[in-house]
Amino acid sequence: MIIAVDGPTASGKGTISKELAKHFALPFLDTGLLYRAVGWTLREQGGDADNVADALAACVFDGTLLDNPALRSEVIGGLASRVSVHPEVRQALDKHQKDFAYQTAGAVLDGRDIGTVIAPDADVKLFVTASSEARAVRRFEEMKRRGERVNFDDILADILQRDERDRNRATAPLKPAEDADLLDTTNLTIDAAIQQAIAMVNAKT
Ligand code: C5P
């Protein structure tokens, strides 16, 4: 069983995907980490997001890099969004994701184009959304908990900018697959959202 979970940043898709993988005992791939790895390598090289060839060539997508907590920062998330517009980056990461999806007995993948490009014949496709304000509140609370100095308006602006870039890029833009089920988490607790996602998967299988 392949479960594709797509949606914008801070929609809850990451947590939901991890819990679905646990519940259905499936391997899980957070595909955003692959793009973050390219963004992180680019920054290490002092490179420029319009020219990604060197970062892509130097990037080794192994556990050492993907487990680096530095990949999870907002700065690297923003860089990931910038490098991910390049078709050559998407193409380089395509095989890695398709191998993960199709070479095992099943998988949960979370990203932006899993249901549309990486696994268009996935058994279940969820598109997880929430209002931009709700997502900014979540990100704000999460960063505050980590002890980071944060400004709500900056976070909201960053989310809107990331949405705009992800939705409007020419290659593999963020959008629900035609046959995706929508899960709006705006007014749901994370536990309720997880339960709803499990029910949606059960209804399809
Ligand atoms: O999901 P996450 O926030 O880690 O993703 C970081 C960025 O990587 C996204 O804003 C998006 O631009 C890009 N991405 C993508 N396709 C995916 C996963 C992530 O373009 N499948």
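This is a predicted model: local features need pLDDT of at least 70, side-chain atom pairs count only at pLDDT 80 or more; totals for chains, interfaces and linings use all residues.

Me: What is the phi of Ala25?

Reply: In general, most residues other than glycine have a negative phi. The phi of Ala25 is near 50°, a positive value in a residue other than glycine.

Me: Which loop holds Ala172, and is Ala172 buried or exposed?

Reply: Ala172 sits in the loop between helix 9 (152-168) and strand 5. Its phi is also positive, about 50°, although Ala172 is not a glycine. With 20 C-beta neighbours inside 10 Å, Ala172 counts as buried.

Me: In what order do the strands of the sheet run?

Reply: Strands of a sheet pair through backbone hydrogen bonds, either parallel or antiparallel. Here five strands make an open sheet in the order 2-3-1-4-5, with parallel pairing. Strand 2 (28-30) and strand 5 (181-184) are at the edges; each has a single partner strand, so one side of each is left without a neighbour in the sheet. From one strand to the next, the twist averages 20°.

Me: How many bridges join strand 1 and strand 3?

Reply: Strand 1 (residues 2-6) pairs with strand 3 (residues 107-111) in the parallel sense over five bridges. Ala4 is opposite Leu109 in strand 3.

Me: Which strands does helix 1 touch?

Reply: Helix 1 (residues 13-23) packs on the sheet and touches strand 1, strand 2, strand 3 and strand 4 (124-129). The direction of helix 1 makes about 175° with that of strand 3.

Technical notes: Residues are numbered from 1 along each chain as its sequence is written. Two strands pair if DSSP finds at least two bridges between them. Helices (H or I, at least four residues) and strands (E, at least two) are DSSP runs, numbered from the N terminus. Axes are lines fitted to C-alpha atoms, for helices over the stretch in contact, and angles run from 0 to 180 degrees between N-to-C directions. Two residues are in contact if their C-beta atoms, placed from the backbone, lie within 7 Å. A residue is buried if 20 or more other C-beta atoms lie within 10 Å of its own, exposed if 12 or fewer, and partly exposed in between; C-beta atoms are placed from the backbone.
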